[in-house]
Amino acid sequence: MGLLDDKVVLVNGGTQGVGAAVARAAVRQGAVVAVSGRRPEPGQALVAELTGDGGKAMFVRADLADAGQARASVARVVEAYGRVDCLVNSAGLTSRGTLLDTTPELFDQHIAINLKAPFFAMQAAVADMVRRGEPGTIVNVITSSAHGGQPFLAPYVAAKAGLTGLTRNAAHAHRWDRIRINGLNIGWTATEGEDATQRTFHAAGDDWREQAGARLPMGRLGRPEEIADFVVLLLSDRSGVVTGSVIDWDQNVLGGLD
């Protein structure tokens with residue numbers, strides 16, 4: 001028996017990085033998976049991989065910067081499979097900006113992807129669960145930077161800190177509906193998106209992962225597949241009654257000082 005046998009799981013922002021790893025892990029645990037994203041090529045390639053391994057999966061094209069498309073991603077899955085049992089919000093915008101140089105346009109981009117999209121995807125998913133009178137689970141992939149972060153992450157931190165509060169608020173609001181909503185504050189992780197970010201904003205070379213890992217306690221960055229296994233656990237009944245928790249998934253300890 002898989003942890004997610006017969007569950008319908010939507011992974012928004014699921015075509016690469018942590019989202020794609022979650023999709024793979026969910027299929028391995030018996031779920032029917034839908035992944036959403038802007039670009040059809042990586043989405044269709046991932047679906048081909050998942051179905052080629054015997055899984056059941058679909059791609060939903062959605063620009064999550066548009067709240068209407070975030071809601072529609074849920075509607076597409078309900079139309080295809082009759083329901084959504086689990087939602088993972090894993091899309092994230094990490095472009096840089098400080099308090100002094102962030103433009104209103106950049107700020108709005110971060111709010112749209114990192115806060116508004118999860119809000120309205122959750123709204124649609126919870127509405128489906130409540131309509132059916134069935135329990136469900138949601139995991140929001142947040143960031144350890146939501147605790148404060150570096151100066152060049154000001155709009156990112158503002159949006160993700162909002163998602164932290166939203167996670168707890170929604171969990172409290174819908175606990176009597178048996179809908180469990182949790183979050184993960186993930187630390188520095190080796191993803192395709194982080195590689196692009198390091199090269200674009202920090203002039204990183206090909207060995208940036210090794211250099212970064214040498215400065216971390218465990219000697220390496222986190223891996224998407226490790227996060228994915230944790231997300232699957234939170235989506236599954238094995239995580240029991242836990243709701244409203246925002247867990248620090250990192251190798252640095254909040255409040256710890258050397």
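**Exercise 1: the aromatic pair.** Work out how many aromatic pairs the structure holds, and what kind of pair Phe119 and Phe120 form.

*Solution.* Start with the count: there is one aromatic pair in the structure. Next, Phe119 and Phe120 sit 5.0 Å apart, centre to centre, with 55° between their planes. Rings of Phe, Tyr and Trp (its six-membered ring) pair if their centres lie within 6.5 Å; planes under 30 degrees apart are stacked, over 60 edge-to-face, and the rest tilted. So this pair is tilted.

By the way, this is a predicted model: local features need pLDDT of at least 70, side-chain atom pairs count only at pLDDT 80 or more, and totals for chains, interfaces and linings use all residues. Residues are numbered from 1 along each chain as its sequence is written, and side-chain values use heavy atoms, leaving out hydrogens and water.

**Exercise 2: Gly136.** Decide whether Gly136 is buried or exposed, and find which residues Gly136 touches.

*Solution.* First, look at the relative accessible area of Gly136, which is 7%. Buried means under 20%, exposed over 50%, and partly exposed in between (1.4 Å probe, protein chains only). Gly136 is therefore buried. For comparison, Phe119 has 38% and is partly exposed.

Now for the neighbours: leaving aside residues up to four places away in sequence, Gly136 touches Asp85, Met129, Arg178, Ile179 and Arg180. Contact here means heavy atoms within 4.5 Å.
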